[in-house]
Structure formats: structure tokens, C-alpha cells
Amino acid sequence: MRSIYLSFFVLEFKKWMGYRVDFWLQFVANLFVEVSIAYFLWDSIFTFQGVSQIGGFSFDQMLVYYVIGSFVGKMIRTGDEMQMSREIYEGTLTNVLLYPLSTLWLKLVVKFSYAALAYTQFLLCVIVLPFFIQSFTIDVLSLVVGTYLLLYSIALAYLLNMLMELIAFWFENVWTMIVLMRFVTQFLGGAYLPISLYPQKVQDYLSLSPFPYTFSTPVKTLMGDWSLQIFIKAQVISVVWIIALSLLLALVWKRGQLKYTGAGQ
Amino acid sequence: MILRYLKLYRQFLLFSISKTAEFRMDFFARIIMDVIYYGTNIYFFKVIFLHSSALAGWTESQVMVFVGIFLMMDGLNMTIFANNLWWISNLVNKGELDYYLLRPVSSLFFLSTREVAINSFINLLFAGGIFAWAIASYPHSISWDRYLLMSFLFVLGFLLYFFLRIIFILPVFWTHGGKGGELVFWTLNRLLERPDRIFRSWMRVVVITILPFGVMSSYPAHVLWEADVWPFVTGSVVVTLVFGFLTVALWKFALRSYSSASS
């Protein structure tokens with residue numbers, strides 16, 4: 001059974017590799033815009049305030065946060081975010097249900113295959129970027145620990161996104177809900193601003209939610225900003241949320257299948 | 001001729017209203033989504049101002065006015081163009097543009113305006129409310145002529161946004177796949193959401209000329225309080241005219257490359 005999932009993983013990975021121009025064009029554009037905006041925004045703020053640190057970040061660290069964040073953002077997003085809902089609406093989910101495999105596990109494998117491609121890009125940049133940005137260096141231990149936490153991030157992002165997609169069993173359009181979840185995850189996860197800049201009370205509440213562990217925690221770990229305590233806390237909270245969201249997903253999936261007719265819209 | 005197009009748009013509007021009534025869940029979901037989007041944008045700058053007393057020479061109240069302007073621009077775009085422009089690349093790839101090209105009206109007008117997003121219009125009203133709140137919170141008075149100037153530049157910025165979006169869609173006529181450069185456009189759209197003056201040197205030139213996102217929502221804000229408004233007015237007019245002519249020319253050129261499903 002595991003070899004079937006592995007075969008799917010390899011197949012999907014090769015499929016994503018087929019969209020080379022699109023993939024790299026979007027990635028380069030995204031990286032350029034994200035990092036340019038961050039560079040000029042924070043340069044403006046640091047220069048005006050005349051300080052060396054804001055929210056625990058120096059200017060260089062802020063840039064590295066956004067550079068690594070670009071890659072992590074790509075890893076936690078699925079290559080084709082609307083695939084499940086589209087299959088439900090078109091009735092083509094039937095084909096997937098006929099496989100002798102768990103559909104939800106299959107979709108998770110597909111998500112990891114896309115994340116693996118984005119991670120490969122990240123590794124390339126870890127090798128190349130230090131020649132251009134001196135402050136962009138990642139030590140091996142942080143890379144290993146950060147990669148491990150990324151596994152939890154991808155799983156959490158998958159669960160949150162899939163819960164929105166399965167609403168397609170009941171409602172005619174879920175695009176809005178998926179985009180909404182993306183906003184919320186990015187904003188509360190620290191993709192727009194490092195969470196350490198938020199008011200302390202907000203940070204305390206967020207630390208109990210799954211959102212920081214989808215983005216901010218793995219990014220900061222890869223930057224080397226982590227400790228054993230943070231690592232253990234991230235694991236515990238991530239596992240609790242993964243279990244809770246998985247149970248919810250299983251329930252929604254079960255109910256949704258009862259609603260599904262395969263007729264398409 | 002203008003009356004003819006207005007009558008046509010009225011029909012689009014009536015059709016859109018009846019269509020909206022069929023998808024009530026999506027209607028409310030879109031409103032909630034945009035309210036949260038507006039909230040996150042306001043909170044983003046509120047957090048920035050916890051750590052800085054100014055951003056690119058603007059105070060917090062000025063930045064909030066800027067936010068109100070770009071949210072209104074987003075609301076207007078979502079109401080009039082967004083739904084329609086999203087489908088252009090699909091129609092081109094499937095060769096189904098013929099239906100629209102055969103109409104005795106401008107194909108660009110027909111394709112861009114045939115559906116009005118009523119739920120986004122509700123969000124446009126919210127965005128207008130945010131702008132009004134920001135203006136009410138602004139500590140200095142603004143004369144009525146500055147509001148008129150801002151409105152004029154807002155319209156130009158909105159048209160410029162449309163032109164740029166069309167230009168990024170056009171590659172689909174030649175690539176015959178994907179969404180052309182549209183996904184790249186959505187990434188670059190982030191430039192619109194930041195005050196233009198945070199950008200310096202070569203980047204400032206880019207966001208004012210080649211990719212004039214910096215003109216769209218920042219320039220209308222500038223004319224509300226800058227002493228000398230004419231650089232912003234002339235800049236907006238020139239850039240909008242240039243991109244307007246370029247868009248129409250490129251659209252006509254792209255249509256020559258179009259091959260329909262029936263050909």
C-alpha cells in the first residue's frame with residue numbers, strides 16, 4: 001500500500017516538474033515582489049526610526065524572514081488548490097473514489113509532492129543566495145529541525161484547506177471560502193508581518209492556534225531563531241491541532257460522501 | 001454611441017442582479033471574505049504604526065486614507081471587471097471567444113463588463129465607509145477641489161488598473177495555455193497596496209512607469225494633502241493615456257492571433 005502512495009508521490013512530482021516555465025516564472029515574480037516590498041518597506045521604517053531592531057528583528061533578519069517565507073509559503077500552498085472542489089462539482093471525484101486507496105491520504109500525498117518541488121527550489125537557493133545576500137546563511141541543524149517542522153506545517157495547511165474544499169459537497173461555490181482561509185492563514189501565520197510585531201496579547205492567543213505553526217515557526221527555525229522549548233511546544237500544539245482537524249475532516253468527509261451523487265453541476 | 005453602451009450595461013446589470021439571487025450563499029461568503037480582507041489590510045498598517053510614527057513620510061491617518069482609496073479601487077474592480085476578466089483566458093484557450101467577437105459592440109467592452117458582481121458592490125460600499133472614516137479621522141481639513149482632483153485621479157487609476165490587467169492577460173493568445181501572465185499580475189498587484197514613496201531609485205521608476213501600480217492608489221492620496229499636485233495629475237494622465245492606447249493596440253493585435261474552436 002505504501003508503495004502505491006509513493007508511486008503517486010513520484011508521479012505527481014514529475015507532473016509538477018512538467019510545468020517548468022509557469023512554475024519558475026510565478027516563483028521568481030513572487031519572490032521579487034515579496035522581497036522588494038519587504039526591502040523598501042522595512043528600509044523606510046528602520047531609516048526613519050533610526051533603530052537597529054524592531055520586534056526582535058534587525059533589517060537583515062527581516063529580509064531573510066521574507067525570503068525564506070516566500071519558499072515556505074509556496075510549500076504550504078497546494079499546486080492546485082481547487083482540485084478537490086472541482087472534482088466534486090464536475091462529478092469526477094467518482095474516479096478517485098474508485099481507487100483502492102484513501103482519497104484524503106492520496107490528496108495529502110499530492111500536496112507533499114508539490115511541497116517537495118518547492119523545497120527543492122528552496123535548497124537550491126540555500127546554496128546560491130549566500131553569494132548574493134551575506135546574511136542569508138542557514139546552519140545544518142536549523143535546516144534539519146526546520147524541515148522537520150515543515151512537515152507539520154504542510155499537514156496543517158492541508159487540513160485547513162481541505163476542510164474548506166469539502167464544503168463543496170453542500171454549497172455551489174467554495175472559491176470564496178478557500179481564499180478566505182488563505183488570507184486568515186497567511187495573516188495569522190505571520191506571512192504578511194512577523195508575529196513578534198503583533199501586540200503581546202495577540203501573540204499569546206495565536207501561539208495556541210495552528211496558524212503560527214503553518215508559517216512563522218518553521219521560517220524562524222530555518223533562520224536559526226529557535227530553542228528546544230520552542231521546538232517541543234511547536235510539536236505538541238501542531239500534533240494536537242492535526243489530530244483535532246483530522247477528526248473533523250474525517251467527519252465532514254463521511255457526511256459529504258453521503259451527499260455526493262457524482263452527477264456534476 | 002455612449003447611450004447605446006449605457007443601455008447595454010443596464011441590461012448587464014439587470015441580468016447580474018437576477019443571477020446573484022440564485023447563488024445566495026456565495027453572495028454572503030464574498031461579502032464576509034472582503035470584510036476580512038479589508039480588516040487585515042487595516043490591521044497590517046496598524047501593526048506597522050505600533051513600531052513607527054511615520055511610513056514613507058505619511059502619518060498613520062494619511063496611510064489610512066490611502067488604504068481606503070486602494071480598498072475602494074479593489075471593490076470597484078471586483079464589481080465591474082474581475083469576474084469577467086478572469087474568464088477571458090479560458091475563452092481564448094477553448095476557442096470560444098467568437099460569440100463575443102461577433103457582437104456589434106466593442107469586444108473588449110463586452111468581455112470586460114458583461115457581469116456585474118453585486119456582492120462586490122456591497123463591499124465597495126464598505127470600502128467607501130472605510131475611506132469616509134479615514135477622512136473623518138484626518139486631523140487637517142481638505143478642500144473640495146482636492147476631493148474633486150482625488151476623484152479624477154481615482155478614475156484614472158482605476159482605468160490604469162484595467163489596462164494593466166488586460167495587458168497581462170494578452171500573452172494567452174500566443175501561449176495557448178494557462179492564464180497568460182495573469183497570475184504574475186496578481187503577484188504584482190501587491191505593489192498597489194503599499195504607498196509609492198516607500199520605493200526608491202530604480203524600483204520607484206518601475207512602479208511609476210513600467211508597472212505603474214504606484215500611480216493607481218498612491219497618487220489620488222497624494223493630491224489630498226501635497227502642496228504641489230500637478231506632478232501627480234500630469235503623471236496620472238500621461239501614464240493612463242499611454243497604457244490606454246497600448247492596451248487597445250495590443251488587444252487588436254492579439255485578436256489577429258486568435259483561432260476559434262470552429263476554425
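Residues are numbered from 1 along each chain as its sequence is written, and chains are lettered from A in the order in which they are written. In this predicted model, local features need pLDDT of at least 70, side-chain atom pairs count only at pLDDT 80 or more, and totals for chains, interfaces and linings use all residues, while side-chain values use heavy atoms, with hydrogens and water left out.

**The nonpolar core**

- A nonpolar core is a set of buried Ala, Val, Leu, Ile, Met, Phe, Trp, Tyr and Cys residues joined through side-chain atoms within 4.5 Å.
- Buried means under 20% relative accessible area, exposed means over 50%, and partly exposed lies in between (1.4 Å probe, protein chains only).
- The largest nonpolar core has 186 residues, and A:Trp42, A:Ile68 and A:Phe122 touch the most other members.
- Helix H3 (residues 60-94) of chain B gives the largest share of this core, 17 residues.
- Helices here are DSSP runs (H or I, at least four residues), numbered from the N terminus.
- In soluble globular proteins, nonpolar side chains tend to be buried together.
- A:Phe122 touches A:Ile68, A:Phe71, A:Met75, A:Ile138, A:Leu143 and A:Leu222, not counting residues up to four places away in sequence.
- Contact means heavy atoms within 4.5 Å.

**Two helix pairs**

- Axes are lines fitted to C-alpha atoms, for helices over the stretch in contact, and angles run from 0 to 180 degrees between N-to-C directions.
- In chain A, the axes of helix H3 (residues 59-76) and helix H6 (residues 103-128) come within 7 Å and cross at roughly 165°.
- H3(A) is therefore roughly antiparallel to H6(A), a term for angles over 145 degrees.
- On the H3(A) side, the contact is made by A:Ile68, A:Phe71, A:Lys74, A:Met75 and A:Ile76.
- On the H6(A) side, the residues include A:Tyr114, A:Ala118, A:Phe122 and A:Cys125.
- The residues of this contact divide into ten nonpolar, one polar and two charged.
- Ala, Val, Leu, Ile, Met, Phe, Trp, Tyr, Cys and Pro count as nonpolar, Asp, Glu, Lys and Arg as charged, and the others, Gly among them, as polar.
- In chain B, helix H12 (residues 218-225) and helix H13 (residues 230-256) pack at an angle of about 155°, with their axes 9 Å apart.
- That angle makes H12(B) roughly antiparallel to H13(B).
- B:Tyr219, B:His222 and B:Val223 of H12(B) meet B:Pro231, B:Phe232, B:Val233, B:Gly235 and B:Ser236 of H13(B).
- This contact has five nonpolar, three polar and no charged residues.

**A mostly covered helix**

- Helix H4 (residues 83-90) of chain A has six of its eight residues buried.
- They are A:Gln83, A:Met84, A:Ser85, A:Glu87, A:Ile88 and A:Tyr89.
- These buried residues pack against helix H5 (93-97), H6, helix H7 (140-165), helix H8 (175-189) and H11 of chain A.
- After H4(A) comes A:Gly91, with a positive phi near 85°.

**Buried serines**

- B:Ser16 lies in helix H1 (residues 2-20) of chain B.
- B:Ser16 counts as buried because its relative accessibility is 1%.
- Leaving aside neighbours within four places in sequence, B:Ser16 is in contact with B:Arg114, B:Glu115, B:Val116 and B:Ile118.
- A:Ser238 is found in helix H11 (residues 228-259) of chain A.
- A:Ser238 is buried, with a relative accessible area of 2%.
- A:Ser238 touches A:Tyr152, A:Leu156 and A:Tyr213, not counting residues up to four places away in sequence.

- B:Phe152 is found in helix H7 (residues 144-169) of chain B.
- B:Phe152 is partly exposed, with a relative accessible area of 39%.
- Leaving aside neighbours within four places in sequence, B:Phe152 is in contact with B:Val233 and B:Val237.
- B:Val155 also lies in helix H7 of chain B and is partly exposed at 44%.
- B:Val155 and B:Pro220 are 65 residues apart along the chain, and their C-alpha atoms are separated by 9.1 Å.

**Positive phi**

- Most residues other than glycine have a negative phi.
- B:Ala56 has a positive phi of about 50° although it is not a glycine.
- B:Ala56 sits in the loop between helix H2 (24-51) and H3 of chain B, and is buried at 17%.
- B:Ser201 has a positive phi near 45° and lies in helix H10 (residues 201-210) of chain B.

Technical notes:
Helix = DSSP H or I, 4+ residues; strand = E, 2+ residues; numbered from the N terminus. Parallel < 35°, antiparallel > 145°, perpendicular 65-115°, else oblique.
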